[in-house]
Amino acid sequence: MKNIGHGGKEIVERILPPIESKKRIRELKRIAVTDRVARECIDLAYGFFTPLQGFMGKGDVDSVCEKMTIMNGTLWPIPIVFDITNKEIKEKGIKRTDTILLTYYGHALAILEIEEIFNYHKLNLEQAVLGTTDLEHPGVKMYNTLKDTFISGKVTLVNEIKFNPPFDKFWYTPKQLRKISTEKGWERIVAHQTRNVPHTGHEWLMKGAWFSANGDLPVEKIKTGILVSCIIGPKRLGDYIDEAILLGHQKLHDAKYFRDDIHMVSFVLWDMRYAGPKEALLHAIIRSNLGCTHHMFGRDHAGVGSYYDPYDAHRIFDQIPKDSLNIKPVRILEWWYCPICGEVTYSGLCGHDKKRQGFSGTMIRSMIQDKVKPTKLIMRPEVFDMVLESADKYGFGSPFCTEEYLNKRQAVFEIPKLQNRKIIA
Ligand SMILES: [Zn+2]
C-alpha cells in the first residue's frame with residue numbers, strides 16, 4: 001500500500017533523530033502540555049491527521065468552521081488547536097517565529113515551530129463544530145476548558161513514545177499499519193470504531209460490514225480485513241476500562257470468532273468531542289490515513305443526548321463533495337436479538353417486531369458487574385472471562401472506571417528521558 005493519505009498527501013511523519021533532538025532542544029523555552037495536547041502532538045507527528053503537520057492557524061480554523069475544509073480546500077471538519085494562556089505567553093516572552101519545547105510530565109515531548117499566535121471566539125467555535133453552545137453538551141464542556149489563546153505551527157516529536165502493556169501490543173502508526181496490511185494482502189479494510197467491550201451485536205455488525213464491503217467481489221478477489229480501532233482518550237467514571245476494551249476485542253480474534261488473517265485490533269488516541277456528523281467525518285479521515293477503505297457508522301455515531309438526529313452521521317457523507325474523502329461509509333441501522341429467529345437481526349429484516357430484544361448496554365454492564373455470565377447469544381464466554389481478568393489485572397477489581405482506577409492506573413504511554421535514548425548511528 002502506498003503511503004498516500006487524506007488530501008492526496010504523503011503520510012506525515014515528524015520525529016527528530018535522537019542526536020539532533022539533544023542539540024535542538026537546548027535553550028528552548030519550555031511549555032508543559034495537557035493530556036489532550038500531548039495526544040494530539042502524537043497524532044500529528046505520526047500522521048494520523050495527515051495532511052496536517054501541526055496545530056492550525058487562524059485561516060485554517062476559520063475555514064474549517066465556515067466551510068469544513070482547511071484553506072487549501074481539503075475536507076476537514078474539526079479544528080486541531082493548541083491552546084495556551086495569554087499570561088503564559090507574556091511570562092515566558094513567547095513570540096511568533098520562536099521554536100518552543102513542549103514537555104509532558106517534565107519530559108521533552110515535541111518542538112513546536114510557532115507560526116501564529118491568535119485569539120479566537122469560543123462560542124463561535126462551539127456553534128460551528130458542535131452545532132450548540134449548550135453547557136450540558138460534553139464537547140462544549142471540553143471547549144470551555146480551552147485557554148484563551150491559540151498557537152499554530154508544525155509539531156515534531158523529539159522522542160519516541162513508549163506505550164505501556166497491554167497498549168504496546170495494539171499501537172500502530174499509520175505507516176506501520178499500512179505496512180502490515182500490505183503484508184496481510186488486504187486490499188480493502190473495514191474500520192470498526194469502538195469504546196466498548198464487544199458483545200455479539202458488535203461482532204455481528206463487523207461481520208455484516210465485512211460482507212457489505214465484499215458484496216461486489218468474486219470469491220478469489222476477497223482480500224478484506226477488519227480493523228478494530230478503539231478510541232483511547234480521557235475516561236469518565238463508569239466507562240469500561242481501556243484495557244478490557246482492547247483485550248476483549250483481541251479475545252474475539254484469539255478465540256477464532258474472526259479468522260487470524262482478516263481481523264486485527266488497534267487504537268487511536270483521541271479526545272471525543274461528541275460532534276456527531278462532523279466527528280464521524282474526522283473519524284473517517286483518521287481511518288483513511290490508517291489505510292482503511294471502509295468505515296462503519298452505527299446509529300448516532302459520536303453523538304450524545306438528542307443534539308443530533310441518529311442518522312445525521314450517515315447523511316453527512318452525501319453532503320460532502322464527491323472525491324473529498326478516500327474512504328467509504330458502511331452505514332449501519334438498528335439491530336437487536338430476536339428469540340423467534342434465534343439470532344441477532346437487523347432493522348428492515350425480521351418481521352417478529354413484538355419479540356425483538358434490544359441489546360441493553362445497561363443490562364450487559366450490570367451482568368458483568370455482578371459477574372453473572374450472560375448467555376453466549378449476548379456475549380462470548382471468552383470475552384466475558386477476559387473482561388473479568390482485565391478487571392483484576394488492570395482495573396483494581398472493576399471492569400469499569402472507578403476513582404481508584406482514574407487516580408492510580410498505569411499511564412497509557414510515557415516519554416522516556418531523552419538521555420536514555422540509544423543513539424543510532
Ligand atoms: Zn425474528
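Just after helix α9, K256 takes a positive phi of about 70°; helices here are DSSP runs (H or I, at least four residues), strands are E runs of at least two, and both are numbered from the N terminus. This is a predicted model, where local features need pLDDT of at least 70, side-chain atom pairs count only at pLDDT 80 or more, and totals for chains, interfaces and linings use all residues. Residues are numbered from 1 along each chain as its sequence is written.

**Helix α9**

- With 13 residues (242–254), α9 should span 18 Å at 1.5 Å a residue, and its end C-alpha atoms agree at 18 Å apart; the expected span is 1.5 Å times one less than the number of residues.
- Because 11 of its 13 residues are buried, α9 is largely enclosed by the rest of the structure.
- Buried means 20 or more other C-beta atoms within 10 Å of a residue's own, with C-beta atoms placed from the backbone.
- The buried residues include D242, I245, L246, L247 and H249.
- Their cover includes β8 (188–194), α8 (200–214), β9 (224–232), β10 (263–269) and α13 (381–394).

- An automatic or database assignment gives domain 1 (6–160) and domain 2 (167–408).
- The centres of the two domains, taken over C-alpha atoms, are 28 Å apart.

Notes
Buried ≥ 20, exposed ≤ 12 C-beta atoms within 10 Å, placed from the backbone. Contact = placed C-beta atoms within 7 Å.
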